[in-house]
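Dear colleague,

Please find below the structure I am handing over to you, shown with its sequence. My findings follow, arranged by region.

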Amino acid sequence: MEYELEGIIIKKQNINDFDQIVTVVSNRGKFSFFAPSVKKENSKNGLNLNTLSLVNFEIIESQKRANLLPRLKRANTIISFPINVMLKQEYIDLEFFLNKINSIKWQNFIDAYKESIKFLDSKKNIVMAYLLYKLLEIEGINPNIEFGCIDCRNKNNLVDFKFHQGGYLCINHAKEKIEFSILQSLYWINKAFVTFSDNTNSYDAQIIRKMIIQYLNEVI
Ligand SMILES: [Zn+2]
């Protein structure tokens with residue numbers, strides 16, 4: 001059986017002299033396949049197997065030998081992760097969380113990745129906040145992004161947002177305060193990437209990015 005699969009490469013393990021086992025996140029969940037000869041110098045497939053690239057794979061699966069890993073026939077890069085030393089931390093964070101999260105529903109993340117990763121060079125905090133939020137969603141965490149205190153529903157005097165409490169907090173129910181512009185930016189984070197990007201700035205996005213990383217580290 002042969003089929004196509006779109007996925008983001010999250011791990012490669014060398015095996016034998018020239019082969020690799022490649023793991024991707026895809027609409028089939030986390031998925032590993034055997035990639036023969038991809039470490040040979042003239043391998044076209046090898047050039048299309050960069051970690052964190054979004055790639056279209058043609059996969060062959062043997063019905064008779066179900067114990068064998070599916071096998072790569074062809075790999076074509078759709079979008080590469082930008083090659084830029086200034087994006088080292090972004091690379092590390094994405095690789096870490098994509099490997100750590102064991103969701104089976106990756107399609108929304110893949111769609112968001114397609115939408116936003118080309119802006120990583122120019123808007124790294126905005127892209128990272130957006131993608132990390134998508135990871136929360138596929139992990140099954142959906143904070144209440146509606147403007148209003150999660151305790152009393154008050155829409156006025158909102159002063160904080162806590163992921164672990166699940167949304168906004170008003171001045172009567174918050175223990176801390178963050179800048180109002182960050183609260184406004186958060187309102188757009190579950191919308192389309194361009195909408196979020198148009199309604200936030202790099203500074204606020206950097207704070208949101210840190211908030212989500214801290215929360216992900218607590219819950220996964
Ligand atoms: Zn309240």
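I begin with R153, which is found in the loop between β6 and β7. Please note that this is a predicted model. The phi angle of R153 is near 65°, a positive value in a residue other than glycine. R153 is exposed, because 10 other C-beta atoms lie within 10 Å and a residue counts as exposed at 12 or fewer.

N16 has a positive phi of about 55°, although it is not a glycine. Is N16 buried or exposed? With 10 other C-beta atoms within 10 Å, N16 is exposed.

The chain as a whole

The chain contains seven helices and eight strands. Its C-alpha atoms fill a box of roughly 65 × 35 × 25 Å, taken along the principal axes. Of the 220 residues in the chain, 30% are buried. Among contacts between residues at least 6 apart in sequence, 54% join residues at least 24 apart.

The sheet of β6, β8 and β7

The loop that holds R153 lies between two strands, β6 and β7, that belong to an open sheet of three strands. The order in this sheet is β6-β8-β7, and the pairing is mixed. β6 (144–149) and β7 (158–162) stand at the edges, each with a single partner strand, so one side of each is left without a neighbour in the sheet. Neighbouring strands of the sheet are turned by 20° against each other on average, direction ignored.

Strands of a sheet pair through backbone hydrogen bonds, either parallel or antiparallel. Where in this sheet does each kind of pairing occur? The parallel sense is found between β6 and β8, which pair over two bridges. In this part of the sheet, C149 stands opposite Y168 in β8. The antiparallel sense is found between β7 and β8 (residues 167–170), which are joined by four bridges. Here K162 stands opposite G167 in β8.

β7 and β8 also form a hairpin, with four residues between them. In the turn of this hairpin, G166 has a positive phi of about 95°.

The packing of α4 and α7

Two packed helices are described by the angle between their axes and the distance between the axes. Helix α4 (residues 124–138) packs with helix α7 (residues 202–219) at an angle of about 30°, and their axes are 8 Å apart. Angles under 35 degrees count as roughly parallel, and α4 and α7 are therefore roughly parallel to each other. The crossing of these two helices is left-handed.

Which residues make up this contact? On the side of α4 they are N125, I126, M128, A129, L132, Y133, L135 and L136. On the side of α7 they are S202, A205, Q206, I208, R209, I212, I213 and L216. The residues of the contact of α4 with α7 divide into twelve nonpolar, three polar and one charged.

With kind regards

How values were computed
Residues numbered from 1 in each chain as written. Predicted model: local features only at pLDDT ≥ 70, side-chain atom pairs only at ≥ 80, totals over all residues. Pairing = 2+ DSSP bridges. Axes fitted to C-alpha atoms, helices over the stretch in contact; angles between N-to-C directions. Parallel < 35°, antiparallel > 145°, perpendicular 65-115°, else oblique. Left-handed = near helix turned anticlockwise from the far one by under 90°. Contact = placed C-beta atoms within 7 Å. Nonpolar A, V, L, I, M, F, W, Y, C, P; charged D, E, K, R; others polar. Buried ≥ 20, exposed ≤ 12 C-beta atoms within 10 Å, placed from the backbone.
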